[in-house]
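This briefing walks through one protein model, topic by topic. Keep the sequence and the 3D view open while reading.

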Amino acid sequence: MKQALYNQFVEKKRTGRKSFAVLIDPDKVDDQKIAQLVRLATDAKVDYFFVGGSLVISSHLDDCIRQLKASCAIPVVLFPGSPSQVSKYADALLYLSLISGRNPELLIGQHVISAPFVKKSGLEIMPTGYMVIDGGAPTTVSYISNATPIPADKNDIAMCTAMAGEMLGMKLIYMDAGSGAKRPIPESMIEKVARHIEVPLIIGGGIIDPVKAYLNCKAGADVIVVGNAIEKDPTLIKELSAAVHSIPVQV
């Protein structure tokens, strides 16, 4: 099984190198918008494009990824909201299992349906424990998943959930307040989770400024993902990327 990108995640974590990912929803971009994002992301030395969404209703996924791949060398990682969001043109797939909820369809049911297509795609597969954290407002991911988010003040629940995911074999933990969250995940929760797991930790949802991105990294996040704020103001990419990459690297 391919592990090139995952090994990169692990090596970056080992040396303390933080990564910044721009999240692109194929439903919300056209060719011109993608070209602008590629230009800004390349200039800002963005590490990854994450592509997907909770509700992708267009057939634009393959076209979006092909344009990204043809325009730059930034790796493209699928962040799927359903089994249909698989494209052989990407570099890797976050194979998400919603470990924070109690919906069996998103723990294993949808994976059974998608497994043959995922296997055939030839993508690098990264098993990911996905945790939805309460961001102060109903989000698409919480509605679609039909799962109650982890309360933002329950650090111990988040910690134990992440630990369980790691011990069950998840290679990444992804904590997400969801698109449109009123508030991001607290640094105290990130810090507690980061101290008790060894796999790379991805944080997304509600991050709207470079200061929060920086504080999340200081708290223990390995990868910062921003989508909504960049949809509103793509020029934020430069500042967000600079903030994430300003964390000192271990020698």
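Two strands count as paired if DSSP finds at least two bridges between them. By that rule, strand β3 (residues 76-78) pairs with β4 in the parallel sense over 2 bridges. The model is predicted. The points below start with the strands, then turn to the helices, the core and some single residues.

- Strand β4 (residues 92-98) is largely enclosed by the rest of the structure, because 6 of its 7 residues are buried.
- On to β5: 7 bridges join β4 to this strand, and the two run parallel.

- Strand β6 (residues 172-176) runs parallel to β7, and 4 bridges join them.
- Within this pair, D176 stands opposite G204 in β7.
- The chain gets from β6 to β7 through helix α7 (residues 187-196), in a right-handed β-α-β crossover.
- Strand β8 (residues 223-226) also runs parallel to β7, joined to it by 3 bridges.
- Here I202 stands opposite V223 in β8.
- Helix α8 (residues 210-219) carries the chain from β7 to β8, and this β-α-β crossover is right-handed.

**The two sides of β7**

- In a regular strand the side chains alternate between the two faces of the sheet.
- In β7 (residues 201-204), L201 and I203 point one way, while I202 and G204 point the other way.
- Are these four residues of β7 buried or exposed? L201, I202, I203 and G204 are all buried.

**Helix α6**

- Helix α6 (residues 155-167) has 13 residues and spans 18 Å from its first C-alpha to its last, close to the 18 Å expected at 1.5 Å a residue.
- Its buried residues are N155, A158, M159, T161, A162 and G165.
- Seen down the axis of α6, these buried residues fall within an arc of 165°, so they line one face of the helix.
- An α-helix has 3.6 residues a turn, so residues three or four places apart point the same way.
- The cover over the buried residues of α6 includes β5 (124-132), β6 and α7.
- Just after α6, G169 takes a positive phi of about 110°.

**Helix α7**

- The residues M189, I190, V193 and A194 of α7 are buried.
- They cover an arc of only 125° around the axis, which puts them on the same side of α7.
- What do the buried residues of α7 pack against? They pack against α6, β6, β7 and α8.

**The nonpolar core**

- The largest nonpolar core has 81 residues, of which F20, F49, F50, M175 and I224 touch the most other members.
- Setting aside neighbours within four places in sequence, F20 is in contact with residues including V46, D47, Y48, I224, V226 and I230.
- Further contacts of F20, with those neighbours still left aside, include I237, L240, S241, V244 and H245.

**Residue I65**

- I65 lies in helix α3 (residues 61-71).
- Buried means under 20% relative accessible area, and I65 counts as buried because its relative accessibility is 0%.
- I65 and Y89 are 24 residues apart in sequence and 6.4 Å apart in space, C-alpha to C-alpha.
- Leaving aside neighbours within four places in sequence, I65 is in contact with V51, V76, L78, S87, Y89 and A90.

- Where does K45 lie? K45 lies in the loop between α2 (31-43) and β2 (48-51).
- K45 has a positive phi of about 60°, although it is not a glycine.
- With a relative accessible area of 63%, K45 is exposed.
- V10 lies in helix α1 (residues 4-15) and counts as partly exposed, at 35% relative accessibility.
- V10 and D209 are 199 residues apart along the chain, and their C-alpha atoms are separated by 26 Å.

Technical notes. Residues are numbered from 1 along each chain as its sequence is written. This is a predicted model: local features need pLDDT of at least 70, side-chain atom pairs count only at pLDDT 80 or more; totals for chains, interfaces and linings use all residues. Side-chain values use heavy atoms; hydrogens and water are left out. Buried means under 20% relative accessible area, exposed over 50%, partly exposed in between (1.4 Å probe, protein chains only). A crossover is right-handed if, with the strands pointing away from the viewer, the path from the first strand over the helix to the second runs clockwise. The expected span of a helix is 1.5 Å times one less than its number of residues. The arc is that of the directions from the helix axis to the C-beta atoms. Contact means heavy atoms within 4.5 Å. A nonpolar core is a set of buried Ala, Val, Leu, Ile, Met, Phe, Trp, Tyr and Cys residues joined through side-chain atoms within 4.5 Å.
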